[in-house]
Amino acid sequence: MISELAFGASPLGNEFGVTDPAEGVRAVHTAIDRGIDFFDCSPYYGRKLAEERLGIALEGRRHQVVVATKCGRYGTEDFDFSPARLRASIDESLERLRTDYVDLWQAHDVEFADANRITEETIPAMREIQRQGKVRFIGITGFQLKVLCRIAQRAAVDSILSYCRYNLLMDDMDSLLTPFAKQCGIGLVNASPLHMGLLTEQGPPSWHPAPLEVKEAGPRIAAACAARGLRVEALALRHCLNHSYASTTLVGMSTVDQVERNVAALDCALPEDLLAEIKQIAEPVFNRCWTTGRPENTDCSTQRQTNTAG
Ligand code: NAD
């Protein structure tokens with residue numbers, strides 16, 4: 001059992017701009033005080049920095065939370081899902097997180113790997129490490145949904161994290177992944193409810209992979225919310241929190257103010273007419289996916305392709 005709202009720690013690794021470390025610690029403490037008990041991290045976030053900062057913030061409070069981290073991705077192009085790397089990776093993560101176990105350990109962005117090797121080598125190695133007591137549950141994460149299902153069909157996992165596939169700009173998680181997870185009783189983590197910062201008043205980071213026309217929809221949706229005196233982040237979060245199957249909605253945070261506002265979103269209403277207006281704005285770019293990972297693992301060929309040239 002985990003809280004319906006979860007804390008994404010990638011911003012602690014400066015993935016969305018420079019974060020003040022002391023404020024990051026205060027954000028983590030505020031989140032725990034407000035009832036958030038699921039924290040998601042990775043060695044990839046800030047190239048180890050996020051794990052280090054989360055470890056510091058959780059000192060003395062580790063027993064109050066469920067900690068998730070990942071393995072296999074260590075840089076933009078640095079992937080290694082081999083059993084030998086995984087065995088070293090878990091020990092390094094435990095040291096940075098200042099704990100002797102993680103609750104959920106996930107193979108990070110599996111679409112960048114050969115799916116057969118993930119099922120035949122990576123997941124069995126993760127299960128072996130689980131038997132040693134270093135991790136309680138194992139999972140896989142990624143953007144491309146079909147390969148997540150293909151892998152989980154062949155090698156049992158406890159949870160699947162998918163990002164940017166169920167929010168105000170996309171909902172194909174529900175056609176491509178949710179029914180499978182539900183049928184198999186696999187935990188589903190819906191990450192990036194703000195479409196990696198695109199559904200915020202400040203807008204997305206420069207590295208955001210969505211096509212230009214999707215990025216242009218963000219400020220228009222934010223303006224429609226602002227016209228009603230509402231913040232787009234609250235509406236976007238509330239929409240995801242209403243999901244009927246996802247175990248939790250995982251949002252990236254690094255300041256006390258963000259934590260307070262995101263917790264307040266639990267009590268905000270989502271006016272039907274505003275939702276209809278947002279849907280109308282989003283419609284021309286809705287479910288516009290983009291390519292990540294190996295060509296054979298992409299979902300995009302069967303959907304409307306990313307096409308920044310229009
Ligand atoms: P997100 O949609 O949660 O957006 C995060 C951005 O929104 C950050 O810039 C944050 O500062 C900002 N933000 C948060 N609350 C705000 C508020 N109230 N007002 C204004 N701005 C606000 O995207 P994300 O952080 O990429 O996703 C959430 C988490 O999910 C990540 O931190 C990570 O833990 C996980 N994740 C995992 C994967 C993966 O495994 N492949 C991929 C993406 C995300």
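Colleague: How much accessible surface does the protein have, and what share belongs to carbon and sulfur atoms?
Modeller: About 12,700 Å². Carbon and sulfur atoms hold 50% of that. Keep in mind that this is a predicted model.

Colleague: What does the secondary structure come to?
Modeller: Eleven helices and eight strands.

Colleague: What box do the C-alpha atoms fill?
Modeller: Roughly 55 × 45 × 35 Å, taken along the principal axes.

Colleague: And how does the radius of gyration sit against a compact globule?
Modeller: It agrees, because a compact globule of 310 residues would come near 19 Å and the protein has 18 Å.

Colleague: What percentage of the residues is buried?
Modeller: Buried residues are 57% of the 310.

Colleague: Switching to the ligand. Which residues come nearest?
Modeller: Ser10, Asp40, Asp109, Gly252 and Asn262, out of 30 residues around the ligand.

Colleague: How does that shell divide by residue type?
Modeller: Twelve are nonpolar, twelve polar and six charged.

Colleague: Which atom of threonine 141 lies by a ligand oxygen?
Modeller: A polar side-chain atom, at 2.9 Å. Serine 192 also places a polar side-chain atom by an oxygen of the ligand, at 3.0 Å.

Colleague: And methionine 196, side chain or backbone?
Modeller: Backbone. An N or O atom there lies 3.0 Å from a ligand oxygen.

Colleague: How much of the ligand does the protein bury?
Modeller: The protein buries 95% of the 830 Å² that the ligand exposes when taken alone.

Colleague: Which elements give two or more residues to the shell?
Modeller: Strand E6 (159-163), strand E8 and helix H10 (256-264).

Colleague: Let's look at E8, then. Where does threonine 249 fall?
Modeller: In that strand, which spans residues 248-252. Gly252, one of the residues that come nearest the ligand, is at the end of that span.

Colleague: Is threonine 249 buried or exposed, and why?
Modeller: Buried, because its relative accessibility is 2% and the cut-off is under 20%.

Colleague: What is threonine 249 in contact with, leaving aside neighbours within four places in sequence?
Modeller: Glu4, Leu5 and Ala6 are on the list. Asn190 and Pro193 are too. Leu237, Cys240 and Leu241 complete the set.

Terms used: Residues are numbered from 1 along each chain as its sequence is written. This is a predicted model: local features need pLDDT of at least 70, side-chain atom pairs count only at pLDDT 80 or more; totals for chains, interfaces and linings use all residues. Side-chain values use heavy atoms; hydrogens and water are left out. Helices (H or I, at least four residues) and strands (E, at least two) are DSSP runs, numbered from the N terminus. Buried means under 20% relative accessible area, exposed over 50%, partly exposed in between (1.4 Å probe, protein chains only). Contact means heavy atoms within 4.5 Å. A residue is near a molecule or strand if one of its heavy atoms lies within 4 Å of it. A polar contact is a pair of N or O atoms within 3.5 Å; within protein, one must be able to donate a hydrogen and the other to accept it, and residues adjacent in sequence count only if both atoms are side-chain atoms. Accessible areas come from the Shrake-Rupley method with a 1.4 Å probe; for residues, only the protein chains shown count as cover. Ala, Val, Leu, Ile, Met, Phe, Trp, Tyr, Cys and Pro count as nonpolar, Asp, Glu, Lys and Arg as charged, and the others, Gly among them, as polar. The radius of gyration is taken over C-alpha atoms; the globule rule is 2.2 Å times the number of residues to the power 0.38.
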